[in-house]
Amino acid sequence: MVPKIRRGSRTHGLLVYLFGPGKRDEHIDAHLVGSWDGFAPDPGRGTSPDPDPKVTLACLSAALDLRVKQAGVKAPAEHVWHCSVRTDPGDRTLTDAEWNTVARRLVHAVNLAPEGDPDGCRWVAVRHADDHIHIVATMVRGDLRRPRMNYDFKKAQAECRRIEKEWGLRRLKPGDGTGAKTPTSAERFKAERTGRTEAPRETLREAVRQALAGAATEEEFFTRLREAGLRVKTRTAPSGDAIGYNVALTGDRNRNGEPIWYPGSKLAPDLSLPKIRLRLADGPAEQAAPSPMGGWAGWSPPARERRSATGIAESAAVLLDGDADEAAAQLVGVGELLDAVAQTSPGVIRAELAAAARAFERATRSHVRAERADTRALRSAARGIVQAGGALGRGEDGGTTAMLLSTLVLVTLAAARWHSARGHAQQAHASRRAAEHLRTAYRQVAATPMRVLHDQGRALPEAQRRTHEATLRAILPEQGVEADVTSTKTDALVATLAQAEQAGHDPEALLQQAIDMRELDTAADVNDVLVWRLRRLAQLPAHPGEAPPRSQAGTRPAQTSASRTSERNASTAAQRPAVSDPRSRPPRR
């Protein structure tokens, strides 16, 4: 049950709309289901002595505004309180009597008309559809004072949650006031009329987020906005310094032919210019400068940056698993990383990744603040991915995309646990939705490299295959890892261990290190997660059909700026033993 509150100054105009046909003839059988005294004239069903509904509506408007006129200049300028209350599409249809109860409970909860108070404000509840009502009240009491209505939205939300529980309706996630502003009805109707799939507000929010992903300076951010085709207008102080900005879509104009501008703060609370400056305050993210030598030098820039970002995302997941409030900053960085991946990934998965980034946007904001926020590593990774350009859906680009997405699924699930531990229901739900979109994209992009690995695993000599299967049976159950080690699902894992051994690594020690990186309980397919961890640790090609770059086994790969930043920020982490020592067992991060 969703309440939506607005305020206005035209009682009669609002009633005309509510009892009228609607903007698309969607209003059916408009009538009152409740009023302040139970005897208000009903223009919809003709309970007034006058048969003309227009006269009845005028009488109803005059009755609601009576105390407003009596209060004169003491009445508030916006004296109309308008609250629409809508049930979920899966809920049963409520009766008029039940909707009357809902209306009475809400006007009581927000202190408009407390139960038993003869001086409560006047109100009516109008129903013109099966799934919602509109409560219209005038905010002047019988004693001509204004009602005390602090936090009316939160109080209405809380009352709706109680009604849902008592009546067995779908229980929605309680919010904390940090969500982005949703499109208005007028914006949605206009989008439908003009053939848009979403309201301009939503399109602009996503475009601004993507422009901000990894941006080093304020100037670069505004340049990216203009390059994305947006109209940009900055607001300046008398000193000439920018104090805010507005954006508009090309072609989105009002009735006077003027562009419809949206301030950044109205798109999302964290997209105002002051909040953006705070995000950029740590200094510009370093530009990646890949070396021509080293373990990753033979791969394309998109592949290098995705491989580097995978390790940084793993570090963010470890911080989120630690359950400290400082991890709140990592959520912002993960959001930028998702935006960067979404705008540079191949078209076959771009829609799913955009949906994942859009869903996770809600998870990046809460009232928890990190005192020592440091997102340089994640922002640098996002910047490297954006600057590397679009990745192909095949070869090493596709393989490293699958590697990164496999890790991002676990990161978003770690974010869901972090939010759930703090009672952030909406953010936890958003994180889980993002994980589902990422899983869908992962399955599409990982299909080819995993199929090749399965074939390579089955083609191994029998003795070599049995040796690596024995390693899996010995180590995985011992570490409490539930993986299917008895079927062909381990073919890809066996092939990866064999290739790592051929590259000069100890398979047992490498597998132990991959397990100890962080928990695997939330992985939908443990085998897949371990395959990508092993291939990254052993510097093996993400796509097994690709020839590995020329380098010595165990050589440290050329570092991108993101990986260097990550290592500087990980000074408190324990040093892992060398992979080549089979007796060593690295501690859990």
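## Aromatic pairs around tyrosine 245

In this predicted model, tyrosine 245 is buried, its relative accessible area being 2%. Phenylalanine 222 and tyrosine 245 form an edge-to-face aromatic pair, with 5.8 Å centre to centre and 70 degrees between the planes. Phenylalanine 222 belongs to helix H7 and tyrosine 245 to strand E7, so this contact ties together parts that are 23 residues apart in sequence. With a relative accessibility of 9%, phenylalanine 222 counts as buried, because the limit for that class is under 20%.

The count of aromatic pairs comes to three. Among them is the pair of phenylalanine 221 and tyrosine 245, which is edge-to-face, with 5.7 Å centre to centre and 85 degrees between the planes. Here phenylalanine 221 lies in helix H7 (residues 218-227) and tyrosine 245 in strand E7 (residues 242-249), so the pair connects parts that are 24 residues apart in sequence. Phenylalanine 221 is also buried, at a relative accessible area of 0%.

The geometry of the two pairs described above is assigned as edge-to-face because an angle over 60 degrees between the planes defines that class. Ring pairs join Phe221, Phe222 and Tyr245 into a cluster.

| Residue | Relative accessible area | Class |
|---|---|---|
| Phenylalanine 221 | 0% | buried |
| Phenylalanine 222 | 9% | buried |
| Tyrosine 245 | 2% | buried |

Conventions
Residues numbered from 1 in each chain as written. Predicted model: local features only at pLDDT ≥ 70, side-chain atom pairs only at ≥ 80, totals over all residues. Heavy atoms only, no water. Phe/Tyr/Trp six-rings, centres within 6.5 Å; stacked < 30°, edge-to-face > 60°. Helix = DSSP H or I, 4+ residues; strand = E, 2+ residues; numbered from the N terminus. Buried < 20%, exposed > 50% of the residue type's maximum accessible area, 1.4 Å probe, protein only.
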